[in-house]
2 protein chains.
Amino acid sequence: MAENKRILLVSRPMGMPKPDNFRLDEAPVPAPAEGEVLVRIEMISLDPAMRGWMNEGTTYIRGVALGEVMRAFAAGRVIQSRHSTIAEGDYVSGLLGAQTYATMPAHQLSRLDLSLGPLEWHLGILGMPGMTAYFGLLERGKPQPGETVFISGAAGIIGSTVGQIAKIKGCRAIGTAGSDEKCRYLLQECGFDGAINYKTEDVEARIRELCPKGIDILYDNVGGDILDLGLAHLARGARVVICGAISQYNEPTMRGPRNYMKIVTARGTLTGIIVFDFQERYPEAVAQLSQWLKNGQMHTRTDFVDGIENFYPALMKLYTGTNFGKVVLKV
Amino acid sequence: MAENKRILLVSRPMGMPKPDNFRLDEAPVPAPAEGEVLVRIEMISLDPAMRGWMNEGTTYIRGVALGEVMRAFAAGRVIQSRHSTIAEGDYVSGLLGAQTYATMPAHQLSRLDLSLGPLEWHLGILGMPGMTAYFGLLERGKPQPGETVFISGAAGIIGSTVGQIAKIKGCRAIGTAGSDEKCRYLLQECGFDGAINYKTEDVEARIRELCPKGIDILYDNVGGDILDLGLAHLARGARVVICGAISQYNEPTMRGPRNYMKIVTARGTLTGIIVFDFQERYPEAVAQLSQWLKNGQMHTRTDFVDGIENFYPALMKLYTGTNFGKVVLKV
């Protein structure tokens, strides 16, 4: 009989997560209650936001309790349904957790249309990260043709999607990434106008060179030094869109943007993107992104890791920047 | 024959300004060129922004050159005019500098209507600080009746004006200040709903108590810890208006707001106020503020210091927080 393999959060990390913050256990496969479905999970998404979920209620979503299954977006196939809107055999995604089976109320799941793209895309460019890129850029950044969009953490799934949408909207896209290979990917596959290797290049000099008229939209995934350098080069009327701060999540104290007064002198605004606020419009974004992908106007990349027992190394790819594209754990 | 007494910037401060960064000298009273007027200055305004002007081009306005008259807003009487729009005997204000006489092109000066209020008001509540308060709150903060407006540095000329406009607009006004006397002033004379002595009280506990539904508008004059505590208590949809960061101007490195991600989770926005952007609408604001003052709906307070030789102690009142109201040097 099948067992449910689960990744439990057993202690809260201080700074970088350690292997012993998690434990792999086995439990009976749960039975769905009325209104619920049972999902055999095929892919688990690794997301930077997980670091916040490991804390005790410091974010806008409550923290994962100790001994609980680690919270995670995941996708899989329904093997038993006790709700009329979802059938056995349907593919679904949702906050199913880092485990191999999960039951969940049907209304908390999204049914996936695999004709729009393979399953992993539904955790990436057609899932939360894609939605975050789409609404963050279009609704918060409000790009105008000819503007310069500067994206930190650009080789990640959100950053690479933001840059490609920016290009489609007639903007220039400039991104930072942590290796020459990632920079080549941005330039050659994603069509960015400029890519800066922040580990080996003089980021400020390169921003000056690549954004001679300043940055109109700063889409920030990283915080810290790169955010500050971007702020120092805002154009008049710039929009700063804060999506994440991955450079700071494992620091003992968050560092604030020292150059925040540059937003004032640039007559700029700073806002953020919380993707759930656009839930009702996900179908529009999924349809649009999938069309761009099919047309070849957009590319996306998945960094697969095999086996639920590799949850920890897969997670750490994010925080060490060694991932290349959307990190997905295949189970 | 009259001499022009001038405060020259002779060296650039590191951190807090020192007396020897300035020198009082005497020079012949200048003669106005065609299109200029000669003003006998009666009052010099001391403003937090002066600290930025002492640096070499770190702000959006170029720094004062060494050996130049220290930049300052000032007001006085025209004693000679070579321009048709300003007559001898008119009162004017502008960036006349920290000196006793100045020539300036007429178009760079504002003619003052002393029927609206005494001369010192034209450097305070009816001058740049009042305009900054008025447009910063109304155009950037966009207050709605019933909202909570949190003002740091509230006993200063900008903060006290912001709070009183907020009250007139039907908001709750909560402010921080550095002494019990200032807090009493906010509560008793300015009609604030709450005042927090940040030097003696637990600011976070008091914010929680005084802003139980969170902060809808955070009007920040100080930066640093108080900004962070305010950010931690933003209400959904909050507007953060950055006006200044006086706690940071004399620090070797600016500290950024560690809690900036709270703007994201609150679905808030951060913008700034640059008063010059509203230049065309100053008359509207002056008329409105002067009416409120005449009606007794608003109060303002001037902290006079006598004698141009006391420029330095007058300036330091601002950076040590020992001023009480708008600091004006009478010459």
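**Entry 1. Conventions**

I take helices (H or I, at least four residues) and strands (E, at least two) as DSSP runs, numbered from the N terminus. On that basis I place Thr132(A) in helix α2 of chain A. The model is predicted, and I note that local features need pLDDT of at least 70, that side-chain atom pairs count only at pLDDT 80 or more, and that totals for chains, interfaces and linings use all residues. Residues are numbered from 1 along each chain as its sequence is written, while chains are lettered from A and ligands numbered from 1 in the order in which they are written.

**Entry 2. Chain A overall**

I looked up the secondary structure of chain A and found nine helices and 15 strands. The C-alpha trace of chain A spans about 65 × 45 × 35 Å along its principal axes. I then compared the radius of gyration, taken over C-alpha atoms, with the globule rule of 2.2 Å times the number of residues to the power 0.38. For 331 residues a compact globule would have a value near 20 Å, and chain A agrees, with 20 Å.

I call a residue buried if 20 or more other C-beta atoms lie within 10 Å of its own, exposed if 12 or fewer, and partly exposed in between, with C-beta atoms placed from the backbone. By this count 50% of the 331 residues of chain A are buried. I call two residues in contact if their C-beta atoms, placed from the backbone, lie within 7 Å. Among contacts in chain A between residues at least 6 apart in sequence, 65% join residues at least 24 apart.

**Entry 3. Helix α2 and Thr132(A)**

I examined α2(A), residues 128-141, and found 12 of its 14 residues buried, so the helix is largely enclosed by the rest of the structure. Among the buried residues are Met128(A), Pro129(A), Tyr134(A), Arg140(A) and Gly141(A). Lys142(A) follows α2(A) and has a positive phi, near 45 degrees.

Thr132(A) counts as buried because it has 25 C-beta neighbours inside 10 Å. Apart from neighbours within four places in sequence, I find Thr132(A) in contact with Ile158(A), Cys243(A), Ile273(A) and Val275(A). The C-alpha atoms of Thr132(A) and Val162(A) lie 8.8 Å apart, with a separation of 30 residues in sequence.

**Entry 4. Packing of α2(A) on α8(A)**

I fitted axes as lines to C-alpha atoms, for helices over the stretch in contact, with angles running from 0 to 180 degrees between N-to-C directions. The axes of α2(A) and α8(A), residues 282-295, are 10 Å apart, and the helices pack at about 95 degrees. The two helices are therefore roughly perpendicular (65 to 115 degrees; under 35 is roughly parallel, over 145 roughly antiparallel, and the rest oblique).

Gly130(A), Met131(A), Tyr134(A) and Phe135(A) of α2(A) make the contact with Tyr282(A), Ala285(A) and Leu289(A) of α8(A). I class Ala, Val, Leu, Ile, Met, Phe, Trp, Tyr, Cys and Pro as nonpolar, Asp, Glu, Lys and Arg as charged, and the others, Gly among them, as polar. The contact then has six nonpolar residues, one polar and no charged.

**Entry 5. Chains A and B**

At the interface, 21 residues of chain B are in contact with 21 residues of chain A. On the side of chain B that touches chain A, α7 (261-265) and β13 (269-272) each supply at least two residues.
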